[in-house]
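Me: I'd like to learn how to read some features of a protein model. Could you take me through this one?

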Amino acid sequence: MGAGTDAGAGADAGARAGADAGADAGLGAGADAGADAGLGAGADAGATPACPGGMVLVDGDYCTRLELTCKDSWYAKWNDKTICNEFDKPSKCVGNRTRKRFCIDTYEYPNQKGQAPRVGFDFVHAQRLCAAEGKRVCTETDWTMACEGPEYKPYPYGYVRNPRTCNGDRPYIEPAVRGHDAKGRPFLAFASRDPDIAAAEMQRLWQGVESGSQAECVSDYGVWDMAGNADELASSETEGPVSPYDNVTTGGPWLYGVRNQCRPKIYTHNEGFKYYYLSTRCCAEADGAPTDPRSPKQIKRGVKWRP
């Protein structure tokens, strides 16, 4: 049973994700139950004239549509996903090229090398975490471009899939259920209001690695851990009916039967969806320009920002 469907640009979330509403309340971090306040940038990444410390400058052309030919693949029927082992190279841009220049966190939130990515929050929470640092949740095209690099690679490290490079293909562990609501939706133990229950379940489920610990899991723009490990929330730029919500998930988690590519996205989870492997990454405008914490769709609707 997959966590989403192959709509639009395709899906790539983890296997068998729980119902969007199924949790007692917000959960703490996976291996890092730190406070909500912004925890600062990666310690080993210094500031530049274009970007503050802990962020990488991405400056180039985003391609709206790629031609990718898969040479060898297999089908993960439980997740309804075709997994490509190797693509022909190079990728071909057959869409429009759009110039983009922005800053992106070097690592997954809280952007600290050697620290486990924080997980278990929804899109609204992710926006507040990034806004507390003067940033925004990356848009889906920001995220894709930073992952693909200037050559539009399908994986941040190249054209041949290697789940050991970016922590993928881990066995699925069934989350514990502590009951159901009136509509039959599960109360998942990892999202319990009881911190001891939530922490114990998160430890049981956790198969992630520390940010920056995968020496080859880095894109040509210098952004780490963008495929595999934790799945990531991004801001949707795709209109309905393909993408009815303000957010998407991208990159895919550590589970077996997930693409863990740069371009595919999941569009079927609403803004309240959170899961034990779901994190985010923050972006900002380059060269000191002001950064609006709202998503593109929120800006278009004229939504006012409420910290």
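Me: Where does Pro 241 lie?

Reply: Elements here are DSSP runs numbered from the N terminus, helices being H or I of at least four residues and strands E of at least two. Pro 241 sits in the loop that links strand 10 and strand 11. This is a predicted model, where local features need pLDDT of at least 70, side-chain atom pairs count only at pLDDT 80 or more, and totals for chains, interfaces and linings use all residues. Residues are numbered from 1 along each chain as its sequence is written, and side-chain values use heavy atoms, with hydrogens and water left out.

Me: Is Pro 241 buried or exposed?

Reply: Buried means under 20% relative accessible area, exposed over 50%, and partly exposed in between (1.4 Å probe, protein chains only). Pro 241 is exposed, because its relative accessibility is 77%. Its C-alpha atom is 9.6 Å from that of Tyr 267, 26 residues away along the chain.

Me: What is the strand order in the open sheet of four strands?

Reply: Two strands pair if DSSP finds at least two bridges between them. In this sheet the order is 12-11-10-13, and the pairing is mixed. Strand 12 (265–266) and strand 13 (278–280) are the edges, each pairing on one side only. Strand 11 (residues 247–250) pairs with strand 12 in the antiparallel sense, over two bridges; Thr 249 has Ile 266 as its bridge partner there.

Me: Which residues have the most contacts inside the largest nonpolar core?

Reply: In soluble globular proteins, nonpolar side chains tend to be buried together. A nonpolar core is a set of buried Ala, Val, Leu, Ile, Met, Phe, Trp, Tyr and Cys residues joined through side-chain atoms within 4.5 Å. The largest one here has 27 residues, and Phe 190, Leu 255, Tyr 275 and Tyr 276 have the most contacts inside it. Helix 1 and helix 3 (195–205) are the elements that give it two or more residues, with the largest share, four residues, coming from helix 1.

Me: Which residues of helix 3 are buried?

Reply: They are Ala 198, Glu 201, Met 202 and Leu 205.
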